[in-house]
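Subject: Structure for you to look at

Dear colleague,

I am handing over the structure below, and my notes on it follow. Please read them with the coordinates open.

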Amino acid sequence: MATKQVSWLIPAAVLSGNTSAEEMRLNMTQGVTDISASVYNLHMIIFYICCVIGIVVFGIMFWSIIHHRKSKGAKPANFHESTKVEILWTAIPFVILIAMAFPATKTLIEMEDTTDADLTVQVTGSQWKWHYRYFEHDLDYYSLLATPQSEIHNKIAKSANYLLEVDRPLVIPTGQKVRFLITSDDVIHSWWVPEFAIKKDANPGFINEAWTRVNEPGIYRGQCAELCGKDHGFMPIVVIAKEPAEFNKWMAEQTEIAKNAKAEEQKLLSMNMSMEELMTLGEKVYNANCAACHQQNGQGIPGVFPGLKDSAIALGDVKEHINIVVNGKAGTAMQAFGKQLALKDLAAIVTYERNAWGNNTGDVVQAAAINEFLVDK
Amino acid sequence: MSTTNSNADNHAEEHHGAPSGIMRWLLTTNHKDIGSLYLLFSLLMFFIGGAMAMVIRAELFQPGLQIVEPDFFNQMTTVHGLIMVFGAVMPAFVGLANWMVPMMIGAPDMALPRMNNWSFWILPFAFLILLMSLFMEGGGPNFGWTFYAPLSTTYSNDSTALFVFSVHIMGISSIMGAINVIVTIFNLRAPGMTFMKMPLFVWTWLITAFLLIAVMPVLAGAVTMVLTDKYFATSFFDAAGGGDPVMFQHIFWFFGHPEVYIMILPAFGIISQIVPTFSRKKLFGYSSMVYATASIALLSFLVWAHHMFTTGMPLAGELFFMYCTMLISVPTGVKIFNWVATMWRGSLTFEVPMMFSIAFIVLFTIGGFSGLMLAITPADFQYHDTYFVVAHFHYVLVTGAIFSIMAGAYYWLPKWTGNMFDEKLAKTHFWLSLVSVNVLFFPMHFVGLAGMPRRIPDYALQFADFNAVISIGGFAFGLSQLLFVAVVYKCIKGGEKATAQVWEGAEGLEWEVPSPAPYHTFETPPTIK
Ligand code: HEC
Ligand SMILES: [Cu+2]
């Protein structure tokens with residue numbers, strides 16, 4: 001844990017940007033884009049304006065508090081209005097504000113200009129993960145919190161990037177204009193990466209735009225910024241900015257891996273996995289994708305998320321069980337996992353749910369059964 | 001201002017004083033009784049909402065999940081907000097209006113006394129429903145006090161119906177209270193009490209009452225649409241049915257922004273009463289204070305979307321709302337300058353109400369500064385939905401609205417009870433509150449700038465130290481408020497007898513009736529010269 005800090009009491013320390021992971025920065029980040037730097041400048045200008053006004057106004061007030069006290073024999077003056085003064089102190093703030101509005105307007109216009117992008121990424125929020133799709137490439141994937149539950153529940157020591165780490169970060173090239181199309185599958189989320197000065201809401205059924213041009217390669221971390229339900233605090237964002245050449249290399253690798261995985265899936269259809277294999281895999285995938293709602297012990301949260309232990313569906317017809325996992329249930333928090341997970345994982349999850357926590361149906365569901373269902377539809 | 005009516009003499013012959021027993025309180029139509037009921041109710045709600053804040057701060061004391069589950073944490077933040085806004089701050093101001101407005105304008109009572117009884121007595125039911133919904137299976141409302149759709153519609157739990165019902169009742173209560181204030185001020189002013197002679201507390205409340213009537217129906221509309229979207233398959237806020245979730249936010253903030261001023265304009269009024277008293281000097285720029293209040297109220301209808309800069313508004317919209325928001329700081333500044341000018345070359349003393357008022361002026365201004373920073377749209381993209389915003393609105397609501405209520409309570413307590421309060425205890429309350437409230441809210445600015453989002457039950461390690469400090473400040477502030485209860489209790493029980501004027505520099509009709517103010521005041525109107 002971070003060392004004890006009392007330095008924030010000292011104004012000078014307040015303004016020094018300190019960015020090590022352990023010690024908290026005390027001011028807004030300057031970020032790694034031209035835009036984030038101008039946002040930082042606006043923030044500092046308005047901050048200094050407030051400081052000056054504050055010093056003048058509070059200065060006069062405290063002067064009065066010290067010198068105009070009854071205990072010092074002060075006699076009250078009689079004045080109680082002055083049109084001249086009133087006009088003056090209406091006009092001065094007005095002029096200051098107009099001066100402030102110019103740079104703010106200029107930066108805002110730049111921020112909203114999403115034209116001429118080199119690369120477009122669709123960002124989709126859902127409870128509680130992000131999905132990234134590269135428009136110009138054949139690649140899309142989900143990005144989930146990577147911090148283990150045992151750290152969150154204080155069973156083991158917390159690692160340096162606690163709650164700010166994901167299984168698959170978004171990767172973008174430096175020096176290129178990257179446009180983000182931001183939307184949501186369920187409730188409103190907000191995609192926020194402080195280093196890019198981007199915070200844009202992900203609204204279900206609508207698409208918002210934002211853009212960035214990152215100047216320095218690096219790993220940049222952010223979080224969902226709009227309350228989106230139970231695990232709102234647990235859907236971080238990690239973006240890795242790589243030099244264009246490295247980015248292209250990464251992209252080629254990833255599209256290759258994605259292609260191979262699809263081919264692998266086809267092969268899998270004719271193979272059978274054993275119960276143990278399915279249960280081991282199922283437990284892992286279930287805990288990563290389903291436990292947030294249905295809980296690790298399968299008991300759900302009464303009145304919010306149904307339990308799967310002893311549930312009619314988990315003990316009943318396999319088809320119906322597969323159906324709800326693959327297609328979800330419209331108008332509820334239950335998402336369609338068919339497009340999110342591999343066939344093998346889906347088969348493992350369903351098998352796991354039908355045999356864990358005392359649901360001893362003995363049913364073994366294979367990838368082929370899931371695929372049949374997808375083809376069926 | 002002075003009166004030709006000597007109320008105390010009249011009153012000796014009065015035979016109908018306060019009835020006794022529980023029925024006095026249930027059936028009362030007396031503005032002073034109803035004022036006391038409102039004030040005590042708001043104090044109770046302040047502690048219930050405060051207890052929830054303690055749960056929040058205890059969970060956030062350290063990183064990791066320690067004492068509550070995330071879903072319950074969300075219920076705490078939601079209900080804490082709802083209770084503090086609708087249960088603590090608003091009823092406290094209505095209580096003060098009930099007590100003071102008739103006495104300040106020389107009226108015998110509120111104009112609509114039975115409605116007055118009704119508007120108070122439905123409130124406890126509203127909050128009972130809200131609080132009991134926490135014990136339902138699936139828990140209470142967990143979507144934030146702003147209840148954004150579709151989190152509050154498609155994705156909410158079954159307590160939502162109760163939430164909607166309880167907000168409806170609160171709205172009805174507020175609207176009735178506002179009608180009463182307007183009718184009273186328009187019709188029951190004593191002869192000679194022209195509008196431009198009214199004390200500023202009366203002025204600010206008059207304007208607040210119009211704001212209430214304008215926006216509470218909008219809130220009622222918003223919750224009703226949430227209700228029908230959730231239970232009756234409408235799709236006001238669901239794109240799949242042709243609706244728009246962002247429209248919810250427009251409707252909510254069209255209510256919500258004026259609501260912010262509903263919670264601060266009466267505070268301006270209180271401070272404008274207290275500062276001249278303890279400066280022994282007339283309020284500087286009375287008429288500009290009135291005009292500034294009115295312009296703030298009008299502008300408050302044109303800035304709502306500054307809460308929504310990140311929702312993806314068109315550029316023109318963002319610019320419009322940025323400019324209007326910056327503009328609203330001008331009349332607010334005028335108020336601050338006027339208070340300082342009132343103190344300037346006065347003859348100042350620092351009794352407890354004055355101490356709270358000075359703290360108000362400084363700390364509310366800090367909240368105003370962060371508000372001005374939030375108005376700058378590009379910077380707001382970084383501040384929005386972080387602890388910087390939490391710091392901002394707690395500075396304007398706790399050290400703003402609540403400090404003004406404390407100031408007002410200490411100012412008028414001797415008038416209400418006839419006894420001076422324990423000054424030493426009250427000063428202890430002030431200093432403990434002042435220090436702890438800043439330990440509580442000031443570091444939130446830094447945590448927010450460093451990037452901690454609001455409404456999260458757990459956070460990254462870099463924020464750990466500051467959150468521990470904030471929580472300690474929170475516990476200290478919460479405990480300090482018990483002293484306030486002790487002061488009020490002791491003051492009701494007894495103490496040094498208060499004179500009619502109570503404070504040396506106090507002027508106005510309320511200081512011309514004896515202390516405690518008799519059950520009925522100004523049955524024959526005073527004449528204002
Ligand atoms: C965001 C929360 C959430 C997540 C994550 C989630 N579910 Fe669900 N699930 C729900 C809700 C809500 C329902 C109830 C839907 C309804 O109203 O019928 C549900 C229902 C179900 C049911 C039917 C239960 C019954 O008895 O009616 C099954 C089976 C199920 N989910 C499996 C899964 C699996 C497998 C996963 C992971 C791949 C998963 N869920 C992930 C929220 C979730
Ligand atoms: Cu989210």
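Which residues of helix 5 of chain B meet which residues of helix 7 of chain B? Before the reply, the conventions: this is a predicted model, in which local features need pLDDT of at least 70 and side-chain atom pairs count only at pLDDT 80 or more, while totals for chains, interfaces and linings use all residues. Residues are numbered from 1 along each chain as its sequence is written, and chains are lettered from A and ligands numbered from 1 in the order in which they are written.

**Helix pairs in chain B**

From helix 5 of chain B come B:Met115, B:Asn116, B:Trp118 and B:Ser119, and they meet B:Ser173, B:Met176, B:Gly177 and B:Asn180 of helix 7 of chain B; contact here is taken as C-beta atoms, placed from the backbone, lying within 7 Å, and helices (H or I, at least four residues) and strands (E, at least two) are DSSP runs numbered from the N terminus. The residues of this contact divide into three nonpolar, five polar and no charged, where Ala, Val, Leu, Ile, Met, Phe, Trp, Tyr, Cys and Pro count as nonpolar, Asp, Glu, Lys and Arg as charged, and the others, Gly among them, as polar. The axes of helix 5 (residues 113-121) and helix 7 (residues 160-187) of chain B come within 8 Å and cross at roughly 150°, the axes being lines fitted to C-alpha atoms, for helices over the stretch in contact, with angles that run from 0 to 180 degrees between N-to-C directions. That makes helix 5 of chain B roughly antiparallel to helix 7 of chain B (angles under 35 degrees count as roughly parallel, over 145 as roughly antiparallel, 65 to 115 as roughly perpendicular and the rest as oblique). The crossing of helix 5 and helix 7 of chain B is left-handed, that is, the near helix is turned anticlockwise from the far one by less than a right angle.

For helix 4 and helix 8 (residues 200-231) of chain B, the axes come within 9 Å and cross at roughly 120°. That makes helix 4 of chain B oblique to helix 8 of chain B, and their crossing is left-handed. The contact is made by B:Ala97, B:Met100, B:Val101, B:Met104 and B:Ile105 of helix 4 of chain B with B:Phe201, B:Val202 and B:Trp205 of helix 8 of chain B, and its residues divide into eight nonpolar, no polar and no charged.

**Two sheets in chain A**

One open sheet of chain A has five strands in the order 4-10-9-6-7, with mixed pairing; two strands pair if DSSP finds at least two bridges between them. Strand 4 (170-173) and strand 7 (198-202) of chain A stand at the edges with a single partner strand each, so one side of each is left without a neighbour in the sheet. The twist averages 25° from one strand to the next. Strand 4 of chain A runs parallel to strand 10 (residues 236-242) of chain A, joined by four bridges, and A:Pro173 has A:Lys242 of strand 10 as its bridge partner. Helix 5 (residues 244-268) of chain A lies across strand 4 and strand 10 of chain A, at about 135° to strand 4.

The other open sheet of five strands in chain A has the order 3-2-1-5-8, again with mixed pairing. Strand 5 (residues 178-184) and strand 8 of chain A pair in the antiparallel sense over five bridges, and A:Leu181 stands opposite A:Glu209 in strand 8 of chain A.

**Interface and ligand**

The contact between the chains takes 87 residues from chain B and 86 residues from chain A. Helix 12 of chain B gives the most to the side of chain B that touches chain A, with 14 residues, and by class that side has 50 nonpolar, 25 polar and twelve charged residues.

Around ligand 1 there are 23 residues, of which A:Cys290, A:Cys293, A:Ser311, A:Ala333 and A:Met334 come nearest (a residue is near a molecule if its C-beta atom, placed from the backbone, lies within 6 Å of it). By class, this shell has 15 nonpolar, six polar and two charged residues.

**Backbone points to check**

The peptide bond from A:Gln127 to A:Trp128 is cis, with omega near -10°, and A:Trp128 is found in the loop between strand 1 (119-126) and strand 2 (129-134) of chain A. Another cis peptide bond joins B:Ser515 and B:Pro516, with omega about -5°.

With best wishes

Key: Two residues are in contact if their C-beta atoms, placed from the backbone, lie within 7 Å.
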